[in-house]
Amino acid sequence: MIFCAIIVLLIALLLITAVNHQIQLKKETELLSPLGQMVEVDGHNMSVYIEGTGDKTIVFMSGGGTCSPILDFKSLYSLLSDQYQIAVVEKFGYGFSDIVDKSRDIDSILEDTRAALKKAGLAAPYVLCPHSMSGLEALYWAQKYPDEVSAIIGLDMAVPEYYEYMQINIPFLRITSWAARLGVTRFIPGVWNSDAMKYGTLTDEEKEIYKAVFFSRTATVTMINEMEQVKENAQKVNDMGAPQLPMLLFISNGSGGTGFDKETWRRIPIEYISQIEGAKYIELDCPHYVQDYEHKAISKNIISFLSE
């Protein structure tokens with residue numbers, strides 16, 4: 001009898017949570033007007049943000065699970081857009097882009113990004129600036145379409161070897177996705193308070209937008225599909241070898257959710273770029289979202305690197 005009462009209570013709480021979530025989503029609708037332009041890719045809408053002008057176009061590519069790429073990178077690209085044209089592509093399932101339940105193999109992800117940039121009116125070659133997991137996409141892009149990539153600037157970006165050791169708990173991610181869709185995340189204190197909000201240069205209004213995006217773009221089905229295929233994607237990138245082009249990596253101390261100790265986190269990308277002639281790296285004593293912690297130092301080094 002007690003067990004049945006507990007079950008009924010839990011169901012009631014979940015229903016209340018779900019109803020509250022839908023009410024809050026409707027209230028947040030006005031905060032979710034796209035910050036950039038929407039382009040159609042494969043029958044769905046993708047968000048592309050463009051700022052500044054210059055003879056080089058820097059394309060910022062977000063790491064896995066970053067709910068609001070446009071705002072996450074803002075502290076950094078706002079220091080660069082007076083000299084370069086910058087673009088932020090929000091993959092399906094991220095930011096203001098549509099959530100789609102489709103394959104997230106490396107070829108599909110890359111072709112979506114290329115199509116979005118083209119439809120937004122941007123032409124290659126690009127300087128790719130990937131954070132974390134999108135490093136795989138950037139490396140594959142340089143391997144498959146070398147004429148389209150003039151350089152890679154990695155923001156604590158992933159290289160294939162990381163995924164040989166990384167443990168990815170898909171059942172846990174699915175539970176997280178389910179909880180997010182029900183709105184359980186709204187009752188976890190500060191869970192939405194990202195590094196971009198705490199350490200970046202976002203305005204109060206932008207923080208409210210980020211928070212609203214978080215509650216609609218956390219652990220989406222598209223993100224889960226991406227994580228399910230990431231090891232296979234990493235192996236495909238690895239099989240094609242290291243691309244030969246100018247490359248600068250900013251490497252964190254490994255804290256902030258990487259799952260690696262400092263020594264291992266730094267050793268893997270340094271060994272990877274030892275295969276690339278002239279590649280450089282800079283170690284930063286900060287967590288994984290380096291663009292939020294060290295945007296000033298990173299911007300200065302990017303300008304120096306691109307002027308060489």
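The questions and answers below go through some helices and strands of a predicted model.

Residues are numbered from 1 along each chain as its sequence is written, and side-chain values use heavy atoms, with hydrogens and water left out. In this predicted model local features need pLDDT of at least 70, side-chain atom pairs count only at pLDDT 80 or more, and totals for chains, interfaces and linings use all residues.

Q: Is Ala-138 buried or exposed?
A: Ala-138 has its place in helix 5; helices (H or I, at least four residues) and strands (E, at least two) are DSSP runs, numbered from the N terminus. Buried means under 20% relative accessible area, exposed over 50%, and partly exposed in between, with a 1.4 Å probe and protein chains only. Because the relative accessible area of Ala-138 is 0%, Ala-138 is buried.

Q: Which residues does Ala-138 touch, not counting residues up to four places away in sequence?
A: Contact means heavy atoms within 4.5 Å. With residues up to four places away in sequence left out, Ala-138 touches Met-61, Leu-128, Pro-130 and Ile-152.

Q: At what angle do helix 5 and helix 10 pack?
A: Helix 5 covers residues 134-144 and helix 10 covers residues 221-239. Leu-136, Leu-139, Tyr-140 and Gln-143 in helix 5 meet Val-230, Ala-234, Lys-236 and Val-237 in helix 10. Axes are lines fitted to C-alpha atoms, for helices over the stretch in contact, and angles run from 0 to 180 degrees between N-to-C directions. The axes of the two helices are 10 Å apart, and the angle is about 35°.

Q: Why is strand 6 largely enclosed by the rest of the structure?
A: Strand 6 consists of residues 149-155. It is largely enclosed because, of its seven residues, the number buried is six.

Q: Which residue in the turn between strand 1 and strand 2 has a positive phi?
A: Strand 1 (residues 37-41) and strand 2 (residues 44-51) run antiparallel, joined by five bridges. Val-39 stands opposite Met-46 in strand 2. The two strands form a hairpin with two residues between them, and the residue with a positive phi of about 55° is Asp-42.

Conventions. Two strands pair if DSSP finds at least two bridges between them.
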